[in-house]
Amino acid sequence: MIVVKTPAEVELMRESALMVGRVLTEVARFLKPGVTTQQLNDLAEKYILDNGAVPSFKNLYGYPFATCISVNDAVVHGFPNHQLLKEGDVISVDVGVLKNGFHGDSAYTFVLAPSKGEVLKLLKVTKESLYLGLGKAVVGNRVGDISNAVFEHTEKKHGYGVVRDLVGHGLGRRLHEDPQVPNFGRKGTGPMLPDGLVLAIEPMINMGKKDVYHDKDGWTIRTRDGLPSAHFEHNVCVRRNRPDILSSFEGIEAAEKSNPYLDSSYY
Ligand code: MG
Ligand code: MG
């Protein structure tokens, strides 16, 4: 069942979504070789709790951490751990917060410098595809228009692998609401997008083939060919003329650019 939000609810959701951006900004400031994803998780969790919110992911469906941090061949749902990050690592950080009864859910992929050109291109194209998908989040379109925009840019145009088993989603009082938002599909298909629908759009794009598998921890999704994957996620409210993007990468990108250990030369 699709639940649309009132203008007041959308403002509360914006607050949650922007908080996720601030959490990811803290992560961007802290990232460097030698830190662990457990440290990143702890920093994020502390920030969320200190700011009067609750981590959305912790204990959801039994997930044990506040964040998902997926390194290199891990696509999503990576467990924070004590391994030291190193130069060239591709680190996707996915964070959710619950505040005022509404969830924010956003993700960003970082790379520790120096990085390879092919990795930077993957990040660039994945981020571009997110904005192309967001651009379709207007009244009159269908879910398939978003899905198709992501797919055309990533798999069709650049030959990357679009993960089929994982999808974006509606967002609100629950972290995962209807409709599902796949990153592949045909234009003009799927549910209509009503005014006030809030979506989490999140391309999960593999540098190589689309195939993934579940790690033995039961959660982490990895690429079958072992190549890296990228994940960017924004929250957006469907409106009549243009999409209202509730989350923001502004602080994250500024922190990324001023952190000499991160490679942001791709944008
Ligand atoms: Mg997420
Ligand atoms: Mg999500």
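A residue is called buried here when its relative accessible area is under 20%, exposed when it is over 50%, and partly exposed in between, using a 1.4 Å probe and protein chains only. By that definition Tyr 61 is exposed, with a relative accessible area of 59%. This is a predicted model, in which local features need pLDDT of at least 70 and side-chain atom pairs count only at pLDDT 80 or more, while totals for chains, interfaces and linings use all residues. Residues are numbered from 1 along each chain as its sequence is written, chains are lettered from A and ligands numbered from 1 in the order in which they are written, and side-chain values use heavy atoms, with hydrogens and water left out.

Tyr 61 has a positive phi of about 55 degrees, although it is not a glycine. Its place is the loop between strand E1 (54-55) and strand E2 (67-71). Helices (H or I, at least four residues) and strands (E, at least two) are DSSP runs, numbered from the N terminus. Asn 100 is another residue other than glycine with a positive phi, near 55 degrees. Asn 100 sits in the loop between E4 and E5 and is partly exposed, with a relative accessible area of 42%.

Donors are N, O and S atoms within 2.8 Å of the metal (3.2 Å for Na, K and Ca); water is not among the atoms, so sites may look incomplete. The magnesium ion (ligand 1) is coordinated by Asp 94 through two OD entries, by Asp 105 (OD) and by Glu 233 (OE), at 2.0 to 2.6 Å. Along the chain, the donor residues of this ion are spaced D-x10-D-x127-E. The pair Asp 94 in strand E4 and Asp 105 in strand E5 links distant parts of the chain, 11 residues apart. Both Asp 94 and Asp 105 are buried.

The magnesium ion (ligand 2) has Asp 105 (OD), His 169 (NE2), Glu 202 (OE) and Glu 233 (OE) as donors, at 2.1 to 2.2 Å. Their spacing in sequence is D-x63-H-x32-E-x30-E. Asp 105 lies in strand E5 (residues 102-111), and Glu 233 in the loop between strand E13 (229-231) and strand E14 (234-237), 128 residues apart. Asp 105 has a relative accessible area of 2%, and Glu 233 counts as buried at 0%. How far apart are the two magnesium ions? They are separated by 3.2 Å, and Asp 105 coordinates both.

The next topic is the packing of two helices. Helix H1 (residues 7-30) and helix H2 (residues 37-50) pack at an angle of about 145 degrees, with their axes 10 Å apart. Axes are lines fitted to C-alpha atoms, for helices over the stretch in contact, and angles run from 0 to 180 degrees between N-to-C directions. Contact means heavy atoms within 4.5 Å. Met 19, Arg 22, Val 23, Glu 26, Val 27 and Phe 30 in H1 meet Gln 39, Leu 40, Leu 43, Ala 44, Tyr 47 and Ile 48 in H2. These residues divide into 9 nonpolar, 1 polar and 2 charged. In this count Ala, Val, Leu, Ile, Met, Phe, Trp, Tyr, Cys and Pro are nonpolar, Asp, Glu, Lys and Arg are charged, and the others, Gly among them, are polar.

A nonpolar core is a set of buried Ala, Val, Leu, Ile, Met, Phe, Trp, Tyr and Cys residues joined through side-chain atoms within 4.5 Å. The largest such core has 54 residues, of which Leu 31, Val 93, Val 95, Tyr 108, Phe 110 and Leu 199 touch the most other members. Elements that give it two or more residues include H1, H2, E5 and helix H4 (143-158). Its largest share, 7 residues, comes from H3. Beyond neighbours within four places in sequence, Leu 31 is in contact with residues including Leu 40, Phe 110 and Tyr 261. Another core, of 13 residues, lies apart, with Ala 17, Phe 57, Phe 65 and Leu 171 among them.

One runs from Ala 113 to Pro 114, with omega near -5 degrees, and Pro 114 is in the loop between E5 and H3. Another joins Asp 178 and Pro 179, with omega about 0 degrees; Pro 179 lies in strand E8 (residues 177-181). Both Asp 178 and Pro 179 are touched by Ile 2, a residue in the segment before H1.
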